[in-house]
Amino acid sequence: MEVLIFPDALSLARKSADLVESQIKAFPDSVIGLATGSTPLGLYEELIMRHAEHDLSFAQVKTFNLDEYVGIPSNHPQSYRTFMDKNLFNRIDIDQSNTQVPDGMAENPLATGPAYEKMIEDSGGIDLQILGVGTDGHIGFNEPTSSLGSITRVKTLTQQTIEDNSRFFSPNEFQPKLAITMGIKTILDARRILLLAHGENKSNAIRDMIEGPLAAFCPASALQLHQRTTILVDEAAASKLSLKGYYKFVGEMQDELVRKHRPSDWISR
Ligand code: F6R
């Protein structure tokens, strides 16, 4: 795992946008896996700005979102489809028909997983997957003890996740307890992964993911198996890492190697 530590959330968002931009510039028809939640908002704002001011085009990009709540329609204010339209898709030149979010209102939610997997496969697979991480170490909605070999399916959310996300729902509003989520295997199949995290409340999950054992109890630890994962964290999220100094040293050595020997090896396909 490559671990990059930034002084604040803004510099982290800018670096993640640099990486997404180089992917799209190298392969304009890239397939990008997307996350919702507070974490990627800075990245999305940067991409919108680069689209408006620097000609970054998403015209040929295809996207697959990680997850969607079961039981609320796509036009519901709290659906992940609404989130993506509002915070990214409606503000860039992406073709809406190239954007996929699991269908939380499918007649049989249990049947949606294999169909979603097939769509990803038919698109050629995910080139670059953007991830956040839950305070309990979930990625997508793969909650603790999710199978490390799982594919897209319905998952029951933990009380912790329901509480973490209750800030988006009014007190008496229906809040979903189920979600359709890409599985851990689906995520690991992406050619390149960027996981972003900021804030002290993510520090335990970040420590367990990077320095803890590979364990279904911390689903994000499965990324230890992935060859091309970059973790971008701010100082607060990195505060419980015991090898923090080493990760910074690796970053410096890596920069030197890249400067000397190759422009960049990180673009995928
Ligand atoms: C969202 C998702 C979740 C979030 C995680 C962190 O599509 O898959 O895994 O990335 O719950 O959420 P925030 O960013 O709101 O802290």
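Reader: Which element gives the largest share of the lining of the largest pocket?

Author: This is a predicted model. The elements that give two or more residues to that lining are strand S4 (67-69), helix H3 (80-87) and helix H5 (159-165). Five residues make up the largest share, and they come from H3.

Reader: How much space lies in the largest pocket, and which residues are closest to its centre?

Author: The space in the largest pocket is about 720 Å³. Its lining counts 34 residues. Closest to the centre are Thr36, Gly37, Ser38, Asn165 and Arg167.

Reader: By class, how many residues in the lining of the largest pocket are polar?

Author: The lining has twelve nonpolar and five charged residues. The polar class, in which Gly is counted, has 17.

Reader: Where does the ligand sit, and which residues come nearest?

Author: The ligand sits in the largest pocket. Around the ligand there are 14 residues, of which three are nonpolar, eight polar and three charged. Those that come nearest are Thr39, Asp67, His138, Gly140 and Lys202.

Reader: What distance separates a polar side-chain atom of Arg167 from an oxygen atom of the ligand?

Author: Backbone N or O atoms also lie by ligand oxygen atoms: one of Gly140 at 2.7 Å and one of Ser38 at 2.9 Å. For Arg167, a polar side-chain atom is involved, and the distance to a ligand oxygen atom is 3.3 Å.

Reader: What percentage of the area that the ligand exposes when taken alone does the protein bury?

Author: Taken alone, the ligand exposes 410 Å². Of that area, the protein buries 92%.

How values were computed: Residues are numbered from 1 along each chain as its sequence is written. This is a predicted model: local features need pLDDT of at least 70, side-chain atom pairs count only at pLDDT 80 or more; totals for chains, interfaces and linings use all residues. Side-chain values use heavy atoms; hydrogens and water are left out. A residue is near a molecule or strand if one of its heavy atoms lies within 4 Å of it. A polar contact is a pair of N or O atoms within 3.5 Å; within protein, one must be able to donate a hydrogen and the other to accept it, and residues adjacent in sequence count only if both atoms are side-chain atoms. Accessible areas come from the Shrake-Rupley method with a 1.4 Å probe; for residues, only the protein chains shown count as cover. On a 1 Å grid over the protein atoms alone, a cavity is a set of points where a 1.4 Å probe fits but cannot get out, and a pocket is an open set with protein on both sides within 12 Å along at least five of seven lines; lining residues have an atom within 4 Å of a point. A molecule sits in a cavity or pocket if more than half of its atoms lie within 2 Å of its grid points. Grid points are joined across faces, edges and corners, and a volume is the space filled by probe spheres set on the points. Helices (H or I, at least four residues) and strands (E, at least two) are DSSP runs, numbered from the N terminus.
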